[in-house]
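Here is a short briefing on the model shown below. Points are grouped by topic, chain by chain.

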Amino acid sequence: MLTALPAENASGVAAVRRPRRSRALWLIALIGALAVVMTLSLVIGTRAVALDDVWAALGGATDGFDRASVAKRVPRTLLAAVAGAALAVSGAVMQGVTRNPLADPGILGINTGASLAVVAGLAFFGLSAATSIVWVAISGAAVTALFVYTIGSLGRGGATPLKLALAGAATSAALASFITAVALPRGDIAANIRSWQIGGVGGGTFSSLGQVMPFLVVGLVVCLLSAKALNSLALGDDLAAGLGERVAVARGAAALGAVVLCGAATAVTGPIGFVGLVVPHACRLLTGVDHRWLLPYSALGGAVLLTASDVVGRVVARPAEIDVGIVTALIGAPFFIWIVRRSKVRAL
Amino acid sequence: MTIDHTLEIEHLTLAYGDRVVVDDLDLVVPPGRMTAIVGANACGKSTLLRSMSRLLKPVSGRVVLDGSEVHRLPARQLARTLGLLPQSPVAPEGITVADLVGRGRHPHQGILSRWTTADDVAVAAALDATDTTVLADRAVDELSGGQRQRVWIAMALAQQTDLLLLDEPTTFLDVSHQIEVLDLLTDLNRSRGTTVVMVLHDLNLAARYADHLVAVAGGRVHAVGTPHEVLTEDCVRAVFGLDSRVITDPTTGSPMMLPLGRHHRAAAGA
Amino acid sequence: MSAADVRDATRASSAIASAAHEVARARRARGRRRRTVIGVLVAAVVVVFVVSLMVGRTFYGPAEVLGVLLGHDVPGAGFTVGRLRLPRAVLAVAAGLCFGLGGVTFQTMLRNPLASPDIIGISSGASAAAAFAIITLSLDDAQVSAFAIVAGLAVAVLVYLLSKKGGVAGTRLVLIGIGIAAMLDSLTAYVLSGAAQWDLQEATRWLTGSLNGTSWPQVVPVLIALAVLTPVLLSQSRDLSVTQLGDDTASALGVRVDRTRLIVIVAAVGLISFATAACGPIAFVAFLSGPIAARIVGPNGSLLVPSALVGALLVLVADVVGQYALGTRFPVGVVTGVLGAPYLIYLIVRTNRAGGSL
């Protein structure tokens with residue numbers, strides 16, 4: 001699967017042999033980074049807030065403009081961290097299940113599918129309950145995943161990375177047109193259409209977060225439990241079966257976990273792409289290809305990336321905000337191109 | 001009939017970036033004969049052929065056709081004298097045989113010229129020579145490997161050039177088709193006097209069909225001459241790194257190479 | 001030679017002569033089909049053009065429309081038809097021609113129907129630049145077009161340079177183009193968010209293409225681009241067809257591949273950029289025109305003119321449908337997006353099934 005990583009990537013190879021101690025150290029470093037970024041997210045914004053006000057607000061005091069702003073930023077920060085973690089783990093698992101270095105919920109169109117399902121639900125079925133929205137998003141994600149995988153695996157060679165990425169891009173474009181077509185005439189939901197086309201965490205509230213957390217937790221647990229299976233699957237279906245892995249079950253379960261994670265995240269934030277692509281690849285440099293380390297790292301890395309992107313989005317265009325989906329696209333697309341370029345032709 | 005053209009290569013050095021593939025190579029292509037270029041993979045034989053048809057600019061040295069350097073000649077004029085069939089030609093989806101062969105008339109048609117009877121006759125003659133007339137209306141992508149290769153040769157024929165260069169024309173074909181193609185090229189050479197230069201990977205077929213054999217190793221000509229002169233055990237060892245016995249093919253009288261690997265050395269008593 | 005040999009030779013040459021007749025006849029038949037299809041397309045474009053001038057909130061009959069077109073002063077119709085509908089219809093045709101020509105040129109040259117300028121980022125680049133020029137810099141139409149074409153060319157160069165390693169005609173190029181398009185679309189979204197508020201109309205114009213509010217000053221640059229660049233493209237049409245056979249074969253047939261490619265890319269990018277600067281990147285028109293034209297004309301022969309006409313027809317029909325046939329008014333880009341999307345998927349399915357590679 002990761003034959004796409006060039007042989008000259010010595011740090012990746014060396015990382016496999018790195019002792020557990022250094023992996024644990026990096027993990028701590030990541031946790032530290034997350035704490036820093038989350039604090040920044042609370043401090044920075046249209047108005048910068050002093051740290052003691054942040055502490056006070058966290059403690060519950062909401063008097064004064066500053067503390068109220070912080071109170072609004074808390075759910076937003078939490079949402080960014082949690083969604084980032086979900087998307088990154090989802091991407092890592094998708095890359096493992098499809099043995100495709102280019103897999104990511106955005107690239108494979110799965111995010112867009114979830115969004116379309118929600119938009120259709122809002123427009124045609126008048127859905128409003130947050131929980132049902134999450135279910136709808138997850139179903140949309142699942143159907144799209146199946147669709148893209150089926151198309152991508154037609155023909156010679158099965159689901160090669162390039163074919164899968166192309167199928168995903170085409171499906172994403174197709175579904176995006178449908179989203180616009182459905183939402184445009186609906187004045188009532190059209191105000192929010194933007195959030196269904198480009199993801200953002202600005203709308204985060206404690207209640208929406210609370211509704212979606214159970215799904216995210218379940219998805220995360222399923223994915224983490226699949227880590228060992230993913231290690232075997234990386235060797236190819238035949239070898240994995242030879243090693244005693246029940247290939248179809250393992251793949252199905254892992255894929256389900258990934259779909260739940262990305263569907264649930266998209267239900268609240270809208271489609272955010274590239275997090276699932278960039279973070280696992282970056283983490284692999286630290287952890288090697290062992291999924292038992294890769295998945296937790298990806299979760300932390302994703303949280304850091306998305307929170308940081310949100311902060312950047314709030315800072316760079318003051319007083320306006322750039323949606324986090326735009327920032328991740330601007331960071332992630334060059335990364336995507338870089339991967340496409342350096343992968344050997346045969347591997348793709 | 002064709003005119004005799006002189007095609008000479010003088011001190012040619014070819015490189016891809018920093019990697020030198022052909023190093024100070026000299027070669028004279030005998031007019032009116034069938035020449036085969038053989039050698040191990042990546043020895044430079046395909047690169048050599050590509051530079052002969054001007055697809056690759058030399059780092060130093062020159063390829064000279066009838067006294068003029070090939071890179072200085074106008075593209076269309078060169079295309080009327082020298083035809084090339086590259087290794088993996090691409091046929092657009094759904095194109096018919098007749099249309100593909102017709103593309104071979106391109107060097108004879110300017111921007112505004114219309115199709116003339118001469119063009120039609122050339123296409124028909126090319127189809128006839130390659131025995132593909134019955135396939136004229138079929139789509140190229142529906143044909144078998146051997147048929148497709150014959151159609152590509154027909155296209156090169158429709159160009160009506162006196163020299164024909166072919167880069168591994170038999171590599172992906174099964175043996176009956178390989179013989180089909182080589183027999184066709186022999187017909188062309190004998191009946192029209194077309195100078196044929198082909199890169200072949202099968203040493204024995206090369207020895208059988210070529211009048212003139214060129215063995216390339218490490219970007220240089222290792223041996224050149226008739227098959228009998230070139231195909232010797234020493235040459236095979238030098239060019240391919242392989243021990244062998246060279247005998248005379250009982251059916252054609254040309255030299256034939258029998259490879260000796262680890263397991264068959266004792267049996268051969270070599 | 002003996003008498004038998006002479007007889008054989010004569011028989012052979014008369015066999016060839018009759019084969020030559022067959023070849024010529026088949027070629028003429030194909031030519032006839034091509035001419036018929038082109039004729040039908042032209043007629044269709046004219047009909048839909050006139051219809052688009054007639055229908056609307058107020059219906060004007062053909063006589064009135066004709067009157068306006070001929071310059072007569074027709075009360076009532078003069079403004080609606082002449083000032084509102086006519087520039088819109090003309091832009092629809094002009095942009096459609098541009099997209100059709102640009103799309104099929106890229107697809108032919110890169111030997112890949114997916115390598116269409118609206119998929120590999122060129123339209124996104126032109127549109128990002130145009131949005132930036134209009135919304136942030138408030139430039140006038142000529143300057144906006146200039147921005148657009150510079151951006152379009154820059155993207156083309158960038159995609160080419162980045163994908164050179166994998167072979168210019170490869171799937172790698174398509175994916176890299178898609179990546180660049182994603183970046184540029186985000187940039188466009190960013191520019192749009194910088195506008196007073198998220199203006200849906202502007203957003204759809206620059207993200208999927210819209211003909212709403214077309215006025216004559218917008219149309220003029222596109223017409224100029226067509227007038228100048230179409231002859232350039234047509235002059236390269238034969239050489240372009242030959243490049244489909246692969247770079248090596250094309251060179252062997254006397255085509256100066258690099259030169260042809262350069263001329264043709266610049267012309268195609270120019271057409272696409274100017275059209276995009278006027279109405280946004282009308283989704284999928286450039287992508288669809290070539291394959292549709294290939295279907296109806298047949299696989300042999302140059303697709304430039306049929307594609308252009310299919311493009312014009314697509315935009316015209318989509319705009320009429322978007323305005324009047326559905327409950328709400330949809331911008332043309334949304335209609336073509338919804339139509340083009342399934343075709344895109346179908347194309348991938350069909351190619352994958354046939355064992356080819358995109």
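The crossing of helices α5(A) and α7(A) is left-handed. This is a predicted model. The α5(A)–α7(A) angle is roughly 20°. Angles under 35 degrees count as roughly parallel, so α5(A) and α7(A) are roughly parallel to each other.

**Chain A: the α5–α7 pair**

- Helix α5(A) covers residues 110-124, and helix α7(A) covers residues 161-183.
- Their axes come within 9 Å.
- On the α5(A) side, the contact is made by A:Thr112, A:Gly113, A:Ser115, A:Leu116, A:Val119, A:Ala120 and A:Ala123.
- On the α7(A) side, the contact is made by A:Ser172, A:Leu175, A:Ala176, A:Phe178, A:Ile179, A:Val182 and A:Ala183.
- By class, the contact of α5(A) with α7(A) has 10 nonpolar and four polar residues, and no charged ones.

**Chain A: the α6–α10 pair**

- Helix α6(A) spans residues 130-153, and helix α10(A) spans residues 206-225.
- The two axes come within 9 Å and cross at roughly 45°.
- α6(A) and α10(A) are therefore oblique to each other.
- The crossing of α6(A) and α10(A) is right-handed.
- From α6(A), the residues in contact are A:Ala130, A:Thr131 and A:Val134.
- They meet A:Ser208, A:Gln211, A:Val212 and A:Phe215 of α10(A).
- The contact of α6(A) with α10(A) has four nonpolar residues, three polar residues and no charged residues.

**Chain A: overall**

- Chain A has 16 helices and zero strands.
- Chain A has 348 residues, of which 55% count as buried.
- Take the contacts in chain A between residues at least 6 apart in sequence: 77% of them join residues at least 24 apart.

**Chain B: the four-stranded sheet**

- An open sheet in chain B has four strands in the order β2-β1-β4-β5, with antiparallel pairing.
- Its edge strands are β2(B), residues 19-29, and β5(B), residues 68-69.
- Each edge strand pairs on one side only.
- β4(B), residues 60-65, pairs with β5(B) in the antiparallel sense over two bridges.
- B:Leu65 stands opposite B:Ser68 of β5(B).

**Chain B: strands around β9**

- β9(B), residues 212-217, is mostly covered, with five of its six residues buried.
- β3(B), residues 34-39, pairs with β9(B) in the parallel sense over five bridges.
- B:Ile37 stands opposite B:Val214 in β9(B).
- β9(B) also pairs with β10(B), residues 220-225, in the antiparallel sense over five bridges.
- The bridge partner of B:Ala217 is B:Arg220 in β10(B).
- Two residues lie between the strands in the hairpin of β9(B) and β10(B).
- In that hairpin, B:Gly218 takes a positive phi near 55°.

**Chain B: helix α1**

- Helix α1(B) covers residues 45-52.
- Seven of its eight residues are buried, so α1(B) is largely enclosed by the rest of the structure.
- The buried residues of α1(B) are B:Lys45, B:Thr47, B:Leu48, B:Leu49, B:Arg50, B:Ser51 and B:Met52.
- Just after α1(B), B:Arg54 takes a positive phi of about 75°.

**The contact of chains B and C**

- Chain B gives 36 residues to the contact, and chain C gives 25 residues.
- On the chain B side, the elements that give two or more residues are α2(B) (75-81), β6(B) (82-85), α3(B) (97-103) and α4(B) (117-129).
- α4(B) gives the largest share of that side, seven residues.
- By class, the side of chain B that touches chain C has 20 nonpolar, eight polar and eight charged residues.

**Chain C: Val174**

- C:Val174 lies in helix α6(C), residues 171-194.
- There are 26 other C-beta atoms within 10 Å of C:Val174.
- A residue is buried if 20 or more lie within that distance, so C:Val174 is buried.
- C:Val174 and C:Ala115 are 59 residues apart in sequence.
- In space, C:Val174 and C:Ala115 are 5.7 Å apart, C-alpha to C-alpha.

Definitions and conventions:
Residues numbered from 1 in each chain as written. Chains lettered and ligands numbered in written order. Predicted model: local features only at pLDDT ≥ 70, side-chain atom pairs only at ≥ 80, totals over all residues. Pairing = 2+ DSSP bridges. Axes fitted to C-alpha atoms, helices over the stretch in contact; angles between N-to-C directions. Parallel < 35°, antiparallel > 145°, perpendicular 65-115°, else oblique. Left-handed = near helix turned anticlockwise from the far one by under 90°. Contact = placed C-beta atoms within 7 Å. Nonpolar A, V, L, I, M, F, W, Y, C, P; charged D, E, K, R; others polar. Buried ≥ 20, exposed ≤ 12 C-beta atoms within 10 Å, placed from the backbone.
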